[in-house]
Structure formats: C-alpha cells, structure tokens
Amino acid sequence: MSEEKTVKEIKEINIALLGLGTVGMGVYKLVQRRKNELPRKIGCCVKVKKILVRNAYKIRDGVDNDLITDSWDEILSDDSIDIVVEVMGGLEPAGTYIRQALEAGKNVVTANKDLIAEQGHELLVMAEEKHCDLLYEASVGGGIPVLRPLKQCLTGNNIDMVLGIVNGTTNYILTRMTEDGMEFDEALAKATDLGYAEADPTSDIEGYDAGRKLAIMASIAFNSVVTFKDVHTEGITRITSTDIRYADAMDCVIKLLAVGKQEEGQVSANVYPMLVPKNHPLASVNDSFNAVFVHGDAVDDAMFYGRGAGELPTASAVMGDVIDISRNLLQNCTGRVGSTCYRNLPIKPLGEVKNCYFFRLQVEDMPGTLASISSVFSKHNVSIKQVIQKPAKKHGSELVVVTDFVKENDFAKTLDELRTMEMVYEISSVIRVYA
Ligand code: NAP
Ligand code: HSE
C-alpha cells in the first residue's frame, strides 16, 4: 500500500485552537512538524481545522489565513471538530467556551492554570458526565510531564508530599541574584526581557502563579480538591542580596517553593521562599527551569525536571494531551479518567503548619540580652537549633538564629513579642528553612 493511500484511509482528528499566542503558535508549529509521522505513530492524522483569535486581521506569519476566525460559534457549531485546545488564558471567556465545548460533546485540552486552579474539579465532573476528556498537562511545569505521572503512573501510591519549583520567572531571578550578585529589580528586568515574566509580573513575583500550579498538583496528588484560595502564597519581593549571602554561608540557596503535604488527615498547600540545603536535588534547579519532587509510600522519592514555560516546551505538553485524546477517540473510550478527587480533606491552616526558621536580630550589646531573648523563645515553644553572634554593622550585635520546627502561630507570636523589646533594634531576613 502506498503511503498516500494509507494516510487517506486513516481517521482525521480535527482540532480547533482557541488562541494563537506563544503557546498556540507552538502547537500549530508542532502539528505541522509531526504531520507525516502521526498517522504511523498514533494511527490517525491531527489537523488544525480552525483558530480562534481576538484580532482576526493581525498578520500571522506562517499560518494559513483561512483557518483564522474571531467567531467562537463557528467552532462550537462545527461537528467535525473533535478537540478544542484552549490556549488563550484567563477565566473568561475561556471558562464559558470550555463548558460549551464539553456540553457539545467536544474533548478539551487546556494550558490554563488560572481556570483549572479555580474550577478544575467542576469542569472535570462535567467532562465525565459527557464522556469527554479534559486534559491540562501544560498548566503545571510547562513541558515537564508531571500531572499525568501523578494521576496515572503513581496512582498505586499514597502520596504525602509534592514539592516544586514551578515558576520560571522567580527561579531565574533568584538564580541571577545568587550567581551574579544582582539585586531583585535588575534580575526582574532581565527576566522580563527574556520573556519569562508575564506582562504584569505580579502573579510571578508574589507567588500566585506558583500557588495556582500547587493547587492543581495537590488536588491530583492527594485526591482531594484544593483550589487557589486554599493556598497561602508569599513571593520573593523581600529577598535581598544580603539574604542570599547569608544563605550561601549556611550552605543553602533560596528558592521559591510550592509545598504541598498530606498529613494527619489534612492537606497543607503553601508557597514561600525557603532556604534549601545545597545537597537537596531542588537546590541545583536553576534559571527558568522547573522541577517537582514527589514522595509516595511505594515509589519513595521521584523528581520531574525540565523547561517550565516557552513556546515549544509548553506546546509539547499540549500535543501530548491532544495525542492521548486522539488515541482514546480511535478506541471510542474518551472520558476514561475524570476527577480523581474522591476525598474531602480539610485544609490545614497556615498557623498550624510547622517550619524551621532563619532570621537575624539587631540587638543591644549588653549582659542579659541573650538570656532575655531566649526566655521569649521558650515561652512560645521555639527551640533554637543554631545561634551565631556577630558585631552589627551600625551598633550593638547581630544574632543569626535558626530554629527547630515550630508552629507558624507560635513563631509569629515570638516575633511580635521580640519587636516590643527595647533591646531589639530590628528583626530582618525572616525566611523559612526546608528541613
Ligand atoms: P498569549 O501569548 O497572550 O496569547 C493569547 C492568545 O489568545 C492570543 O492569540 C489572543 O488573540 C488569544 N485571545 C485572548 N483572549 C481572547 C478572546 N477573548 N477571544 C479570542 N482569542 C483570545 O498567551 P500564552 O502565553 O500563549 O498563554 C496561553 C495560555 O497558556 C495561558 O492560560 C497561560 O497561562 C498558559 N501557559 C503559558 C505558558 C507560556 O510559556 N507562555 C506556559 C504554560 C501555560 P490575539 O492574538 O488576537 O491577541
Ligand atoms: N510566567 C510563568 C513562569 C510562565 O514564569 O513560570 C509559565 O507558566
């Protein structure tokens, strides 16, 4: 049989792209790049049938203009479209389009972390009712396969921890501050120039982007719905080059970590900068790279590493989902894996979470200072792991303190009381330590 004849006989899966920006363009290119291989690789052709954009008159190099439309109804009413690929972003109209697509029996792939972190469960339930697939691998970790491994390959585990560096912008900023001694603003400007940061970088630097990704990962890992509002987020805007130097002296680096844990029948999901020992695998994840570290009762430790953003890495994840659905369509078995959130675990309040802390105190240099400060620590159940006393730059002494695990509430009370003491001039660099 000639190659041409084989391809003609093979089923064609039609997709519609909603959005032709960074990710949409990447998907378009990848579909063209794999065009001749796909029939042999997966048993069908994948064809871009329509592309929805905001501005249909914009010149788009290398794209067949006949595919472009600014009418969603044109896509929704086209029965030949099997898969809607939502890569436009934002909660609306993306949410409405996805709901309407599922209602019409179309399968959906999305890269939209904002939407999935808020409405993922509801959308998955809807997809299940319609026997459709709703896949969103690209919403966390860009090109890194992490959601499918969590949801499928690791299902045999009880996963008790997901720990990730899931924002490329902040990881790039912290890397430049560490390796080149840059200050925060300079490193952010470079991250923006390189296209890592969002147009408004607030969601990157304040930890919201990482918080959304953590909500998505935690829901899958712990089989319980975690939404963005359940995640406590702190960003990296207060990290200074002095903090970075202190971290280095303690054989640590500072990373913005997304920390999800399942313990004592509760889920905790928090994003904050932490001192990470240099011998931890996440410490060597640098620049815009992302990594997710998982612990399960059977697999033990597993880590996923790669490019967390960008045109082709993100398109790689989207294409993986498109191909997965295409295979299901060929076997008539879409809607096989829907929401896996069968538990309803409560969210542990931040105040109950235990962490180790690193902080610096500028104090009066006189007999009894250390004893008075120690009594505040013991009053609030704070056990000290390490304390170093140094002459302060201006006057008095500097105490560099590392605590053992302490409840966040107890630590906050300790800081509040220390701030009222006359002998304490200033408390700086309060950073959690990953231990
Ligand atoms: P982008 O470059 O800003 O592109 C957005 C595209 O969507 C544009 O083509 C735009 O049309 C279209 N669009 C926006 N609103 C629309 C509307 N109301 N109706 C029709 N079309 C609309 O965005 P992106 O960076 O590709 O990101 C897309 C999604 O992927 C987001 O959810 C993002 O969070 C996620 N994501 C991105 C990355 C990444 O590296 N960029 C990585 C992981 C996940 P026009 O071209 O006409 O303006
Ligand atoms: N702004 C995001 C980041 C893009 O820096 O990781 C990928 O989601």
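Tutor: Before we start, a strand here is a DSSP run of E with at least two residues, numbered from the N terminus. Keep in mind too that this is a predicted model.

Student: Got it. Where is the place of Asp300, then?

Tutor: Asp300 sits in strand β12, which covers residues 300-307.

Student: And what is the phi of Asp300?

Tutor: Asp300 is not a glycine, yet its phi is positive, at about 70°.

Student: Does Asp300 count as buried, exposed or partly exposed, and why?

Tutor: Asp300 counts as partly exposed because its relative accessibility is 44%, and that class lies between the 20% and 50% limits.

Student: What about Asn223, where is that found?

Tutor: Asn223 is in the loop between α11 and β8 (232-233). Asn223 also has a positive phi, about 55°, without being a glycine. With a relative accessibility of 16%, Asn223 counts as buried.

Student: Switching to peptide bonds: what joins Glu92 and Pro93?

Tutor: A cis peptide bond, with omega about 5°. Pro93 belongs to the loop that runs between β4 (81-86) and α5 (94-103).

Student: Now the ligand. Which residues are around ligand 2?

Tutor: Among them are Lys113, Thr169, Tyr196, Glu198, Asp204 and Asp209, along with Gly308 and Ala309. Sorted by class, the shell has 5 charged, 4 polar and 2 nonpolar residues.

Student: Which helices each supply at least two residues of that shell?

Tutor: That would be α8 (168-180) and α11 (208-222).

Student: How many Å is a polar side-chain atom of Lys213 from an oxygen atom of ligand 2?

Tutor: The distance for Lys213 is 2.9 Å. Gly168 has a backbone N or O atom 2.8 Å from a ligand 2 oxygen, and for Asn167 a side-chain N or O atom is 3.4 Å from an oxygen of ligand 2.

Student: How much of the accessible area of ligand 2 does the protein cover?

Tutor: On its own, ligand 2 has 260 Å² of accessible area, and the protein covers 90% of that.

Student: Last topic, cysteines. How many disulfides does the count come to?

Tutor: The count is 0 disulfides. For Cys45, the nearest cysteine sulfur belongs to Cys44 and is 7.0 Å away, whereas the cut-off for a disulfide is within 2.5 Å. Cys45 counts as buried, at 11% relative accessibility.

Key. Residues numbered from 1 in each chain as written. Chains lettered and ligands numbered in written order. Predicted model: local features only at pLDDT ≥ 70, side-chain atom pairs only at ≥ 80, totals over all residues. Heavy atoms only, no water. Near = heavy atom within 4 Å. Polar contact = N/O pair within 3.5 Å; in protein donor to acceptor, adjacent residues only side chain to side chain. Areas by Shrake-Rupley, 256 points an atom, 1.4 Å probe, with all protein chains shown as cover. Helix = DSSP H or I, 4+ residues; strand = E, 2+ residues; numbered from the N terminus. Nonpolar A, V, L, I, M, F, W, Y, C, P; charged D, E, K, R; others polar. Buried < 20%, exposed > 50% of the residue type's maximum accessible area, 1.4 Å probe, protein only.
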